[in-house]
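Please open the model in a viewer and keep the sequence beside it.

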Amino acid sequence: MLVKKSSDIPSSEITDKKLYLGRREFLQAAAVTAAGAATGTLVLGGSSAEAAPSWPRVKIPNIQKAPPAFTTTEKPNTYNDITTYNNFYEFGTEKGDPSQNAGSLKPSPWTVKIDGLVDKPADYHLEDLIKPYALEDRVYRHRCVEAWSLVIPWVGFPLASLIKTVQPKTTAKFVEFTTLYNLQQMPGQRSDVLRWPYVEGLRLDEAMHPLTLLAVGVYGEYLPNQNGAPMRLVIPWKYGFKGCKSIVKIRFTDKQPLNTWQLSAPSEYGFYANVNPSVDHPRWSQARERRIGEFFKRPTLMFNGYGDQVASLYTGLDLKKNF
């Protein structure tokens, strides 16, 4: 009898149980969100029988409508889907763990260090970092490497805008992102499931692409902790693990960063992580995906359906070798 370990079964193979059963306000709202979410029950490594805790839902003022080229017309998943079905190992490895456990995160006050090969390095208070940029509402497809997907209405601004402001040096070729490391606020970091803190990276041209977003909200409201508050990275043509959450450091470098999943399982997770139905994960196919809230699978789209915008970034690159 063949017995599969839970770690060998992609989430897409497990039917969703629900199918059966002003800028100053930014930091103030983040503090309120953290306080409200703190009522959640701490449960690591497994699901909780309790309903997901409630948290304040604070609207973001003055959101602009994104240009049509930067948003999909697909129907978004529900707010409940997006905020209760998450990968965020800093709060546990099960999909329901982050919404239960992330109340310990304190997203205010928040500082982001920008350093490396850049002309304007500094420790930026989040409010000051965001202040110069118009926030847009962008609906993006989100595809997880485990072959499940969502459609998410993010609120954020292009990473390229920030990069132009801080002025990377001509020798900078890559951008590295680092998540908060704090054992009290992120209890999942007490386990050795990954090497902490969580690190991700992009080529500079990927980071500069207009689709690459620094997100501060979802569904027109400030990010809940479990979705990466107070600021996270969104690259819609890549698998979800590239989206570094709760960012505290952005570093410009001339060397390709070694991202956390690549470091932990190099045969399974590469640097590029472009959504590619022809390159399977060693333990499951990537040819099809299950949209959360749906029963039947659908074909996986190359570059998650964003090929017209991003395929030129990889001209001449072997996408099977550089997965």
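Select strand 1 (residues 64-65) together with strand 4: the two pair in the parallel sense over two bridges. Helices (H or I, at least four residues) and strands (E, at least two) are DSSP runs, numbered from the N terminus, and two strands pair if DSSP finds at least two bridges between them. Within this pairing, Lys65 stands opposite Asp137 in strand 4. This is a predicted model, in which local features need pLDDT of at least 70 and side-chain atom pairs count only at pLDDT 80 or more, while totals for chains, interfaces and linings use all residues. Residues are numbered from 1 along each chain as its sequence is written, and side-chain values use heavy atoms, with hydrogens and water left out.

**Strands 4 and 5**

Strand 4 and strand 5 are joined by eight bridges in the antiparallel sense. Strands of a sheet pair through backbone hydrogen bonds, either parallel or antiparallel. Arg138 has Trp154 of strand 5 opposite to it. Four residues lie between the strands of this hairpin, where Ala147 takes a positive phi near 75°. Now color strand 4 (residues 136-143) by accessibility: seven of its eight residues are buried. Buried means under 20% relative accessible area, exposed over 50%, and partly exposed in between (1.4 Å probe, protein chains only).

Which strands form the open sheet, and in what order? Five strands make it up, in the order 3-2-11-6-7, with mixed pairing. Strand 3 and strand 7 stand at the edges with a single partner strand each, so one side of each has no neighbour in the sheet. On average, neighbouring strands here are turned by 20° against each other, direction ignored. Zoom in on strand 6 and strand 7, which run antiparallel and are joined by five bridges. There, Phe177 stands opposite Glu200 in strand 7. Helix 5 packs on the sheet and touches strand 2, strand 3, strand 6 and strand 11; its direction makes about 60° with that of strand 11. For such angles, axes are lines fitted to C-alpha atoms, for helices over the stretch in contact, and the angles run from 0 to 180 degrees between N-to-C directions.

Select helix 5 (residues 159-166), whose buried residues are Leu159, Ala160, Leu162, Ile163 and Val166. Because they cover an arc of only 160° around the axis, they lie on the same side of helix 5; the arc is that of the directions from the helix axis to the C-beta atoms. Just after helix 5, Gln167 takes a positive phi of about 60°.

Keep Leu162 selected and show its contacts (heavy atoms within 4.5 Å). Leaving aside residues up to four places away in sequence, Leu162 touches Ile114, Leu129, Tyr133, Phe157, Leu214 and Ile250. The largest nonpolar core has 80 residues, and Leu162 is one of those with the most contacts inside it, a group that also includes Trp154 and Phe177. A nonpolar core is a set of buried Ala, Val, Leu, Ile, Met, Phe, Trp, Tyr and Cys residues joined through side-chain atoms within 4.5 Å. In soluble globular proteins, nonpolar side chains tend to be buried together.

**Salt bridges**

How many salt bridges does the structure hold? There are 20 salt bridges, each a side-chain nitrogen of Lys or Arg within 4 Å of a carboxyl oxygen of Asp or Glu. Select Lys169 and Asp119, whose side chains meet in a salt bridge (2.9 Å, N to O). Lys169 lies in the loop between helix 5 and strand 6 (174-179) and Asp119 in the loop between strand 2 (111-116) and strand 3 (122-125), so the pair ties together parts that are 50 residues apart in sequence. Lys169 is partly exposed at 36% relative accessibility, and Asp119 is partly exposed at 43%.

Move to Glu200 and Lys242, which form a salt bridge with the closest N and O atoms 2.7 Å apart. Glu200 is in strand 7 (residues 199-203) and Lys242 in the loop between strand 10 (232-234) and strand 11 (247-253), 42 residues apart. Are these two residues buried or exposed? Both Glu200 and Lys242 are buried.

Finally, select Glu74, Arg141, Arg143, Glu289, Arg291, Glu294 and Arg298, which are linked in a network of salt bridges.
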